[in-house]
Amino acid sequence: MSTTDDDAREIVLRPDRPANGGEAVGRLDGRVVFVRDAIPGELVRARIVDDSRERFVRAEVIEIIEPSPFRVEPICDAARHGAGCCDLAFVSLEHARDLKAQVVRDALGRIGGFGADALDDLGIASTPVTGLGDSGTGWRVRTRLGIDSAGRAGMHARHGSGIVAGHSCAAPEAGMLAGLDDLELTPGGDLAIVADMDGGRHIIEIAPPRPVRRARRGARGAAQATRRRREQPRAQRVVEGSATAPHRVGDRIWQIPVTGFWQAHRAAPATYGQTVVDLVAAAGGCGDGVVWDLYGGAGVLAGAMIDVAGRADLGSVATVHVVDSDAAALAAAEATFDDGIVEVHRGEVATVAAQLPTPDVVILDPPRTGAGAAVIGVVADADPDVIVHVGCDIGRFARDLALFGDQGYRVQEIRAFDAFPLTHHIEAIAALVPAHRRR
Ligand SMILES: C[S@@+](CC[C@H](N)C(=O)[O-])C[C@H]1O[C@@H](n2cnc3c(N)ncnc32)[C@H](O)[C@@H]1O
């Protein structure tokens with residue numbers, strides 16, 4: 001139930017479900033309302049902050065009239081002071097996971113096109129969003145901060161382009177952000193900070209982007225200038241530690257650039273690796289042993305497959321083709337794997353994958369944008385017996401599963417992880433097999 005207040009910009013409502021972006025969703029006069037900082041079930045007064053769309057409005061809580069029993073004192077100081085880091089720090093950890101499980105079901109239904117029967121067959125109603133480790137704090141081993149005009153490092157503000165300095169975020173590992181105020185930093189730059197496998201810290205300062213000349217007037221010219229500004233190479237300076245940081249999974253160690261990609265949660269690489277292996281085994285194993293690890297980075301998931309190759313339920317792994325566009329990640333892979341099983345390929349997944357030997361198993365771990373129709377078309381054309389799809393944006397993940405459905409694959413199992421505690425983000429991993437499978 002919702003009512004409009006005297007002030008047309010303020011509303012009172014009781015949202016009843018969670019949205020993918022961390023908001024609570026309610027209704028007002030037939031329109032959907034996304035409310036920031038509210039928990040489904042509680043009665044709130046909110047201010048409309050965006051009324052530009054026909055079908056929905058966005059609002060922000062200004063008063064909690066009837067609080068949810070799951071509301072807690074936010075444990076992230078930076079988020080309390082306006083940083084965009086821990087946007088669900090005001091919800092108890094367990095309840096946040098329940099809300100995320102609802103978001104997974106919702107995304108699969110609305111975006112993935114899964115009907116009630118299909119969701120039941122997958123056991124989605126009872127699929128939890130599983131935590132990695134016991135704690136919701138101190139989990140992050142890689143972070144990126146901004147540097148404000150006074151040269152102080154801080155989290156990026158939730159709104160606008162400001163920096164929230166002087167307030168610590170609850171997500172990074174203990175000590176990761178200690179003593180940053182003592183550093184001499186360049187205003188407008190960024191800091192990449194990594195806690196490595198031995199507890200060592202590495203800090204790289206990335207110089208501010210240089211201004212670029214606008215080639216044309218208007219909004220399009222501004223957008224082009226912003227894109228060119230973001231894409232230009234920026235100088236880097238090692239402030240502490242070194243330019244690469246060691247990360248370990250099992251017995252294998254990778255040297256990963258501090259400014260490069262590695263999973264943010266310390267437990268994520270091992271958990272995802274184990275999950276991929278389990279799903280491949282449950283879906284029938286590796287067949288003749290040709291595996292594609294697309295968007296493979298430094299080959300963490302390739303390593304997980306190789307480590308248990310030969311297990312009765314998995315079978316042998318003859319070759320893993322790791323494909324990625326990042327030269328540094330592939331160099332780290334080449335330095336780590338000396339077993340002759342891993343072959344690295346640099347380039348766009350859609351182009352490179354079309355030229356690889358026919359796979360038995362394809363693993364995809366795309367960035368937040370998902371894999372999309374072109375890549376999924378290439379994968380389906382290669383006709384693998386098992387596909388394992390990893391997604392860090394549940395909406396795009398659900399869309400990709402629907403695209404695989406259009407290509408004749410069906411989802412056999414889905415697992416979801418709370419790999420970014422205190423935030424609304426969710427990681428999900430699905431195993432797919434041909435809808436009319438041959439073996
Ligand atoms: C989410 S990361 C996964 C990396 C790796 N699987 C891991 O767990 O460490 C996504 C990777 O995709 C790569 N990437 C993004 N877009 C790409 C594209 N169009 N073609 C090839 N690689 C891409 C990035 O460089 C990054 O390494």
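Leaving aside neighbours within four places in sequence, which residues is Asp365 in contact with? The answer is Tyr295, Leu301 and Val390, where contact means that two C-beta atoms, placed from the backbone, lie within 7 Å.

A quick word on the ground rules. This is a predicted model, in which local features need pLDDT of at least 70, side-chain atom pairs count only at pLDDT 80 or more, and totals for chains, interfaces and linings use all residues. Residues are numbered from 1 along each chain as its sequence is written.

**Annotated sites**

| Residue | Loop between | And |
|---|---|---|
| Tyr295 | strand 17 (290-294) | helix 6 (300-307) |
| Asp365 | strand 20 (361-364) | helix 9 (372-382) |
| Cys392 | strand 21 (386-391) | helix 10 (394-406) |

Buried means 20 or more other C-beta atoms within 10 Å of a residue's own, exposed means 12 or fewer, and partly exposed is in between, with C-beta atoms placed from the backbone. Asp365 counts as buried because it has 23 other C-beta atoms within 10 Å. Tyr295 is buried too, with 21 C-beta neighbours inside 10 Å, and Cys392 is buried with 21 such neighbours.

Not counting residues up to four places away in sequence, Cys392 touches Arg368, His425 and Glu427. With its own sequence neighbours within four places set aside, Tyr295 contacts Asp324, Val349, Leu364, Asp365 and Pro366.

**Around the ligand**

Tyr295 and Asp365 turn up again here: along with Gly297, Ser325 and Asp326, they come nearest of the 16 residues around the ligand. Being near takes a C-beta atom, placed from the backbone, within 6 Å.

**The core**

The largest nonpolar core has 131 residues, and Ile363 is among those with the most contacts inside it. Such a core is a set of buried Ala, Val, Leu, Ile, Met, Phe, Trp, Tyr and Cys residues joined through C-beta atoms within 7 Å. Beyond four places in sequence, Ile363 has contacts including Val276, Leu301 and Val388.

Terms used:
Helices (H or I, at least four residues) and strands (E, at least two) are DSSP runs, numbered from the N terminus.
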